[in-house]
Structures are given as C-alpha cells and as structure tokens.
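Trainee: I am new to this structure and would like a close look at a single part. Please take the salt bridges.

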Amino acid sequence: MKQFRWFFLLILLLSAGCTEREPAAVVKPRPQAGTPVHGDALVTGSIGEPSNLIPILSSDSASSDISGLVYDGLVRYDKNLNLEGDLAQSWEVAPDGLTITFHLRKGVKWHDGAPFTSRDVMYTYRVTIDPKTPTAYAEDFKQVKSASAPDPYTFRVVYDKPFAPALASWGMPVLPAHLLEGKDITKSPLSRKPVGTGPFIFKEWIPGQKVTLDANPDYWEGAPYLDRYIYRIIPDNSTMYMELKGGTLDMMGLSPVQYQRQTNTPEFLSRFNKYRYPASAYTYLGYNLRLPLFQDRRVRQAITSAINKQEIIQGVLFGMGQVARGPYKPGTWAWNPNIRDFDYNPARAMQLLREAGWVMGKDGILVKDGKRFSFTILTNQGNDQRIKAAQIMQQRLKAVGIDVKIRVLEWASFLTNFIDTGRFEAVLLGWTIGQDPDLYDVWHSSKTGPKELNFIRFKNPEVDRLIVEGRGTFDQNKRRECYYKIQDILAFEQPYTFLYVPDALPAVSSRFRGIEPAPAGIMHNLIKWWVPKAEQRY
Amino acid sequence: MFQYLVKRILMLFPLFLGITLITFVVIHLAPGEPVEMQSAMNPKVSAAARQRLREFYGLDKPLYVQYGRWLSHLAKLDFGRSFAPDNRPVIDKISERIPITLSLNVIALILEFGLALPIGIIAAVHRDTLVDRGISVFVFLGFAVPTFWLALLCMYFFGVLHPVLPISGLHSLGSEKLSGFGRFADLARHLVLPISIATFGSLAGLSRYMRSTMVEVLSQDYITTARAKGVKERVVIYKHALKNALLPVITLLGFSLPGLIGGSVIFETIFAIPGMGQLFYQGVMARDYPLVLGILVIGACLTLVGNLLADLGYAVADPRIRHGKG
C-alpha cells in the first residue's frame, strides 16, 4: 500500500502554501443604502468562449456579452425595453416614415482617444452591406435606400417604405472607421482586441480562460463604479456552481433546480442575492402543417387542451416560468394579456377529436379511416428540459388516446435531415423573443422556403397582412393593435402549442449594490453597480 | 536494420495520404456544414447572407476541388484558416492549446507509468494474496468511477468545504501580479486535482497489463532456473523477470505518443482547462473542417511516428525481433 501513501503525499506537497484565501463563510450585514464608491471587480462566468469581438462577424452570445460592454450603438433599449438614444443623442423620423435623422452625441471618444463622428457610423453601415463582408446582419441595413452624413454629428438614412424594425437595427454596435477603413475586416486584429466607445475598455483575452475589461473613465454616461469586469470561461455548469459557492465567481445564471432546491440555505442567501424575471425566450410544440393530420385545426386545439402547461412548468422548471400563449414575453408592450387559449381540459380535447372524426380504438388509441393517431415529437440533443417536457406531454396525450413517440437528435442532423426537408411531424423547440415585436421571419407565409424559419408552413393571409402593417408604421399604438390581433389568431389556430416562458435566475454576490431588476433584466445598469470599500475584494 | 527503417519510413507516405483522404471525406459526410451551424434558426440571416458565407469559405466549390486546395496548402505546411467566425489560422488555435495539453499529459503519463508499473509488479509478485486483491479493487475503482463525478466530489470537498485547492481553470485571478515562482506554484495548485484524478482513472489498464506479463514471465523456466541456482528473490524479480516483462510496455509507450496531444473533452470541460479535447470537440460540433482536419493530421503524424518508434524500440530491445525480421 506504499503507492497509496505516495498518492496522498503528492497531493499534500503540491497543495502546500495555499491558505491565503479567506474562509468563505463569513456572514456580513447588508446595508442597502450608501454612497456609491469606485473600485472592485465583477467576476462572471460563461459556458462558451467568445468567437469574434467584431460584432458584425459573430452571432454567439458570449461574443455579444463582451462586445455589448465595449461598443455602443446609435440607439439601445432602456430598462423598460423602450428605445432610447445611445451614441445618437436624439433622432427624428420624418412624417412619411421614410427618413430617419440621427443627431450624434458630441465629445464621445474611442478607447484609443480618437473622436467619434458620423464617419464611423457611415463605415459601419457600408462594411455591413459590403458583399465581401461575411456577416449575418446585412439584411436590415439592405432596406436602406441611401445613407448620408451631412456633417460630423448628423447621420441620415432614407428607406423605400416605412420599416419599423429599422430604428432598432441602428442599435448595431458602431465600429471605429479610423482603425478599419480600407482594411480587410476579416483579418483585423480588432476581432481579438476590440476598440469601442462603450463603458468598458478591452484589456486582455486569455484564450479558453478569461476576458478582462477595464472601466472606461471617459465614458459619456460617466465612468462605471466597478474598476474591472472579468469574464471567465467555464464550460461546465456544475463547475461554475462550485466556483460560485467557493467565492471565486460573483455571478451566474442558476438552473431552476439550483434556484429552488440547492440555494435556499442561510449560508448561501447571506452571500448572494437571487433574482428572478422572465427570460426572453419561449418553448413550443410546433406542428408540421404540410401533413393532413395537423391541417385540421380541431386536432391542434385538442392537443393543446390535452396538455397541462402548468404541470410542465412545475415538472421541468420547478415552477420557475410562466405559461406562454403567444410569441411575446409577458409584460412587454406587444404582449396581449387577454388571450383566450385552450386551457388544460381533457374532456374538451376528446370532444374536439370526436368532432374531427376520431374514434377510440381497442388499444386505447384513437383511430380515423383505419389509421391510428400516432406521431413523433422531435427535439434536439443536449436540452434536458425539452426532453422532460416531451415526456410529460406524452403521458397527457396518451390519456386522450394519442400515441406519441419522442426522438432526440443531434442538432446538425436535426436541421439537415428533418427541418430542411420537412420530414417531421412535430418539433419541440424554442425561440428567442426579439426586442422588436416584428414577426415576419417566423410567421409570414413568404418565409416557408428551404432553410427559412416558418418551417412548419403556417400560411394565414390575415396574419400576413397584419405583420406587414405592423412593421410599416412607427406608431406604437397602431403596431400594438396589429400584434394583439395576430396573437388572437395564433391562439385560435394553434399552429404551435406555446408552452412556457422560462425565468432567468441570476445569483449575484451580495457585496454588489445598486442592482435594479427591471423588465430588461439586471445587467442594464451595470455601470451603476458598486461595492462598499469595506467589502471590496479585488 | 537500415533497410527495415527505410522501408517503414517510405510506407508512411501513402498511409498518410490515405488518412487525409478518409478523414476529409468522413468529416464532409456528417450532416450540416459550418455556415449552417453558425446561421441556423437565426432570423437575421437571409439566404443571400448564407450564400455569401459559403463563398467566403469556399464551400460552394465541388468537394474534390476543396480537397485539392486543402492538400496543396498542407504540402506547404499551411493548415488554412478556421471556419469559425474568428477566421484565425488553424495553426494559431492549435499552438495556443498544445502546450497545456502536452504538459498535462506528460505529467500524467509519467505519474501513470511511475505508479502503474510498480503496482503491477507488486500485484504479480504477491499474486492472489490480500495485497493483490486490494490493489485490484483500488485500480478498478479508479477505472470504474465516472471521472466527472469524482471530479465534482473532489472540487466540492477540496474547493468549497475545505478550500485548500482551486476549483477549476489554470490561474487564480490576480496571479499576474505574482512572482515567477508564485505563478508556478499557483499553476501547480490548479493542476493537482485534474492530474490526480486523471492518473487515478488510468492506473487500471497499465497496471493490469504489467501484472499479467509479469505473472507470465515469472512462470517461465528460466526464472525457475534462476531460483534453483539460489539467486536472491529481489534479483530474480527486478533483474531477470522485469527486463523481459517490460518489453510490451515499450509498445504501449509508443501508442501513447498521439494521446499526448489529445485531451479528454469531459475532463477539460469539468476543470475548465483550455486544451485540445475541447478545441476538437467544438470544431466537430461547429463543422469547422480546417480545424478538425488540422488536429487529425497532427494526430495521424504522431500515431505513425509513435508506431515507428515503438517498432524500432522493440527491435533495439529484443534481439529476437532484430534478428528474426530485418
């Protein structure tokens, strides 16, 4: 057994001299008020590593987490998800809705000291629509008929027809023309060392380990109180949770089980504040409307009636979410609170199915024209919540005589072999809810081609008309009317069974003050977060 | 001997070409392509944008053109640029990760051989006793316990309950400010858990192998002869028996050469170590063809070289092979 002892001796040797860390479980009183002071750092974690810090060249969330702090756009969403000026101090939309004029903020400097002007905006627009730029974001800018910069602090765009999502598209981060113009953007060093105008200045990126940002003392809105923002790359959620508990991470998004079952100890609650608000995403069961089986509206309504959404939220999210009845986030201006949906009611489901001509067979499964009512729900690998939700639905649908099979597929083959070819019956997937309520890409009948997002082939002339009307006006009340009507139609037609909007569940170290939960989440006022001198750690 | 060497080396070239062709075809057989993985289900990406990306990566060309182009670049030792959005040279992405994976694996390999060989020998010498059984239980425990589970338990015990070791990553925050030795000590502390757990998990294979060859050798006639001559048991075991029992280990060492640049995905993910395993896994998931091919080509080279070295080592160590073939 000598080797046994070596083994532990080795651990002891290598771990010698490692007691400099303070014991983690010191409970401190938490005064909430106080005068903000500068200093300290926020250490946060991410499962993924950023890919490219030139925002138009990447589409992953880790890249946009970082570039969102380094760059600014012309406009941004405030804490209540309304558009406000960012690098544009103000803007005007001409009465015909075709021309938008942005008045740029004066005195803003790039992190390298160069002044920010309309030339930068012009460059960003031009490089985005340049066919040589491999960007995914050219579409909104291609609607622009002409762009001009009459003086260094004015930028004007003209559209062919009024296009409401246009305004939000100018939230795209503005790139520094003086560093990029005339160069190949795909080979620019800025993709690893960004230079922006935002509240934090890029300091370093250690591949696979962390990205460090420093506070920008000259930020136009005032310097952030925190000196540094450290973004650690920790690919595993359980490890991240250990780091949080070990005190080496200040913030992470908890899973429902962590939030409900593992963090309600006095010890955890004394060291962390937990927050809860609806995430900008929903999960749905989508039906392939090419198939005769699902073309009957009553069948879709029946399936929704047979499913207990509340039970799914309890079982999958431990109650940390809310029922979805349409494609919008509850509480936002486009969300219709008065939707009549099909609540859980198995008797009604069976009645609807009877009306549709289905009769109960001997084996407890419905039959029509000699065919059993059986279909497969496809979902992607790597998302346990979806698999569990599918299993719960399978049970409920069995109770009304529908046989459901579940198939879990790797993402690439899921897309290539099933979604693109239309060879699926029902899919369990989720959408991110965009901040602009435009639904064109997912719900318009013109978006049913290969690789387009209306892959269930929902075609409804009234919805088409309302979508076009909604994006064609800047008047929020008129837009709201359109989107309310669309939600009514979707709730009646049930092309999807909308299942749930999960909650975002961040935990933040209690030494941070000034956090203000709002519809936009908690990160909207990061520059106002601060730590009392006595509790500063870094 | 020299002829044998030349023949073996010449054989490597067609073999290498075959490997590149097969890997190229296989990776393209997988459904989906890089553009798809980057743009699927993103409402902002139009068909035109997708086409633009495909042209940018040269994916619109026929497969044989893509292969030819890739191979001609490879001949100039140019691995191309990654198809990930960062579009960096593949060689940069690999070379920033190789040092950490290589050093981790070398340390783990030394520990593995350093521990597994003595364990195997002891087990063989004390065959079928309590010692042997105890060792078996211990090494199989390491083999059977899921790494990620053990890793999480150790992290919780040594990192959260009794914070003596860092939980994950390679450096503490603020370690930049430490002195050279301080930085090294910090790194070493970060490596204790991953290396201990990796070694524990890999003891079984090698030690069982060592035990069985040792048992076999100990039962041979010349050992009986040695004992009959009155040679001391220590000398019998460590001089007469061990020499022969170690022969197959040379092959194993050769085989472990390509493994040195490969990392375990689960392991690196759990411990947040930016190594080759993660890089390769991400490359495959994103269908980043040049990156995947680059790693496979390096792996293939090392495998070929490893096999060659093992054969040569064998030939040097074992007269039977040296004189039998050749």
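Is A:D184 buried, partly exposed or exposed, and what is its relative accessibility?

Mentor: Keep in mind that this is a predicted model. A:D184 counts as partly exposed because its relative accessibility is 41%, and buried would require under 20%.

Over all chains, the count of salt bridges comes to 36. One of them pairs B:R287 with A:E410, with 3.4 Å between the closest N and O atoms. This pair crosses between chains. On the chain B side, B:R287 sits in the loop between helix 14 (276-285) and helix 15 (289-317). On the chain A side, A:E410 sits in the loop between strand 20 (403-409) and helix 15 (411-419). B:R287 counts as buried, because its relative accessibility is 4%.

Within chain B, B:R88 forms a salt bridge with B:E96, and the closest N and O atoms are 3.0 Å apart. The two partners fall into separate classes: B:R88 is buried, with a relative accessible area of 13%, whereas B:E96 counts as partly exposed at 31%. Salt bridges can also share partners, and in this way A:R76, A:E84, A:D86 and A:E221 are joined into one network.

Key:
Residues numbered from 1 in each chain as written. Chains lettered and ligands numbered in written order. Predicted model: local features only at pLDDT ≥ 70, side-chain atom pairs only at ≥ 80, totals over all residues. Heavy atoms only, no water. Salt bridge = Lys/Arg side-chain N within 4 Å of Asp/Glu carboxyl O. Buried < 20%, exposed > 50% of the residue type's maximum accessible area, 1.4 Å probe, protein only. Helix = DSSP H or I, 4+ residues; strand = E, 2+ residues; numbered from the N terminus.
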